[in-house]
Amino acid sequence: MKSSNTLVNSETADLLLALMDGAFETPLWSTFLDALRQRTGADYASLVFRPPGLPSNTVFHLFSGKRCPPVIQQLYRDSFYKQDPTPYHEMSEGRVYALAELLRSDNPAHAAYLKAVMAPSGMNAARMMRVEEASGVSAWLTITRCKQDFEAEDDRLLNSIAPYLRSVLRSHVALERERTNAALAGDAIQRLSFGWITLDAAGHVL
């Protein structure tokens, strides 16, 4: 019979494997987010990042679980995003934050956002972590619950994921940059009417 420590390590290994394989999935990292949500008992798990080579307002929002109600999504896109007081870029890299550390109920702007967006979305408890890869691209990993706060074990799990998430993000960003450069080069060559031919040893066109 396996010990509880062996079981936990095995579960964590499966989670990390899903994270590493997630860059080759469609949607990206779907298995990892499903597994993270189940492992932590979260109602919702998400990974958000801004991919390189695209407009600055382009955001990839990958998630598992039930999103906030459509009316809240629409309101956020229309106006609430301007009022979002969450200090995303001020978060220390690699640190896990509880909701109360990011949005304070004694701050009127924070309290209004909690009431208008977070509570109707069932996000009454949350943990969020920002990681940044070498070139400066950040990603935010979030888990939320409607009821009951997360425990110290969930914080430790997210902390253990941080270096692997950072590495996976770095590889993904580098690959996407290469794809963007290849696409730009191909477009430039097409506009310049360039092309390639292949010759054999005798000079015949292959």
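Reader: What pattern does the protein follow, read along the sequence?
Author: This is a predicted model, where local features need pLDDT of at least 70, side-chain atom pairs count only at pLDDT 80 or more, and totals for chains, interfaces and linings use all residues. Residues are numbered from 1 along each chain as its sequence is written, and side-chain values use heavy atoms, without hydrogens and water. Helices (H or I, at least four residues) and strands (E, at least two) are DSSP runs, numbered from the N terminus. The protein has six helices and five strands, and its pattern is α-α-β-β-α-β-α-α-β-β-α.

Reader: Which strands are the edge strands of the sheet?
Author: The open sheet has five strands in the order S2-S1-S5-S4-S3, with antiparallel pairing. Two strands pair if DSSP finds at least two bridges between them. Pairing on one side only marks strand S2 (60-65) and strand S3 (96-98).

Reader: Over how many bridges do strand S4 and strand S5 pair?
Author: Strands of a sheet pair through backbone hydrogen bonds, either parallel or antiparallel. Here Val 131 stands opposite Ala 139 in S5. Strand S4 (residues 125-132) and strand S5 (residues 138-145) run in the antiparallel sense, and they pair over eight bridges.

Reader: Does Ile 197 count as buried or exposed?
Author: Ile 197 lies in the segment after helix H6 (152-191). Buried means under 20% relative accessible area, exposed over 50%, partly exposed in between (1.4 Å probe, protein chains only). Ile 197 has 65% relative accessibility, so it counts as exposed.

Reader: What share of the residues of the protein count as buried?
Author: The protein has 206 residues. By the under 20% cut-off, the buried share is 35%.
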